[in-house]
Amino acid sequence: MDTWYILPNGNIKHVDGLEIQPENDWFPTDESLEIFSSAQRAAGKTEVQIIQRIMSLALECEQWVRDNLA
C-alpha cells in the first residue's frame, strides 16, 4: 500500500495526515503539523520524537516524489 498521495493543490499527504508542501522546501502545512503533533503527543511521543518523525517523513516524501514522479 502506498502511504503518500498527491492532493489537487500539489501538496503531498501521508496517510497519517501530515501534508507536505514541495514548493515550500518540503515543510508540512501548519494545520497538518498541528494535527499530527497533537496525535503524536496523545500517543505518548516526546517533542524530540515528533520532530524526528516529521523530518523523516519529509525526507521520505521527497524520495517518494523522485521515485514516482520523475
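Two residues are in contact here when heavy atoms of each lie within 4.5 Å. The structure is a predicted model, in which local features need pLDDT of at least 70 and side-chain atom pairs count only at pLDDT 80 or more, while totals for chains, interfaces and linings use all residues. Residues are numbered from 1 along each chain as its sequence is written, and side-chain values use heavy atoms, with hydrogens and water left out.

The protein contains two helices and four strands; helices (H or I, at least four residues) and strands (E, at least two) are DSSP runs, numbered from the N terminus. Read from the N terminus, the order of these elements is β-β-β-β-α-α. The radius of gyration is 12 Å, close to the 11 Å that the globule rule gives for 70 residues, so the protein is as compact as a globular protein of that length. That radius is taken over C-alpha atoms, and the globule rule is 2.2 Å times the number of residues to the power 0.38. Along the principal axes, the C-alpha atoms fill a box of roughly 35 × 25 × 20 Å. Among contacts between residues at least 6 apart in sequence, 30% join residues at least 24 apart.

The antiparallel pairing of E1 with E2 runs over three bridges, and Ile 6 has Ile 12 in E2 as its bridge partner.

Leu 7 is in the loop between E1 and E2. Buried or exposed, how does Leu 7 count? Leu 7 counts as buried because its relative accessibility is 19%, where buried means under 20% relative accessible area, exposed over 50%, and partly exposed in between (1.4 Å probe, protein chains only). Leaving aside neighbours within four places in sequence, Leu 7 is in contact with Lys 13 and Glu 19.

The loop between E3 and E4 holds Asp 25 and Trp 26. Most residues other than glycine have a negative phi. Asp 25, which is not glycine, has a positive phi near 55 degrees, and Trp 26 has a positive phi of about 65 degrees. Asp 25 counts as exposed because its relative accessibility is 61%. Leaving aside neighbours within four places in sequence, Trp 26 is in contact with Ile 12, Ile 20, Gln 21, Ala 58, Cys 61, Glu 62 and Val 65.

Trp 26 also belongs to the largest nonpolar core, which has 13 residues; Trp 4, Ile 12, Leu 18, Ile 20, Trp 26, Phe 36 and Cys 61 have the most contacts inside it. Helix H2 (residues 47-69) gives the most to this core, with seven residues. A nonpolar core is a set of buried Ala, Val, Leu, Ile, Met, Phe, Trp, Tyr and Cys residues joined through side-chain atoms within 4.5 Å. Of the 70 residues of the protein, 33% count as buried.

H2 has 23 residues and reaches 32 Å from its first C-alpha to its last, close to the 33 Å expected at 1.5 Å a residue; the expected span is 1.5 Å times one less than the number of residues. Its buried residues are Ile 50, Ile 54, Leu 57, Ala 58, Cys 61, Trp 64 and Val 65. The cover over them includes strands E1 (4-6), E2 (12-14), E3 (19-21) and E4 (27-28), and helix H1 (30-42).

Last come the charged pairs. A salt bridge is a side-chain nitrogen of Lys or Arg within 4 Å of a carboxyl oxygen of Asp or Glu, and by this rule the count is two. In one, Arg 41 pairs with Glu 47, with the closest N and O atoms 2.6 Å apart. Arg 41 is partly exposed at a relative accessible area of 41%, and Glu 47 is partly exposed at 40%. In the other, Glu 62 pairs with Arg 66, and the closest N and O atoms are 3.0 Å apart. Both Glu 62 and Arg 66 lie in H2, four residues apart, or about one turn of the helix. Glu 62 counts as partly exposed at 22% relative accessibility, as does Arg 66 at 48%.

Key
Pairing = 2+ DSSP bridges.
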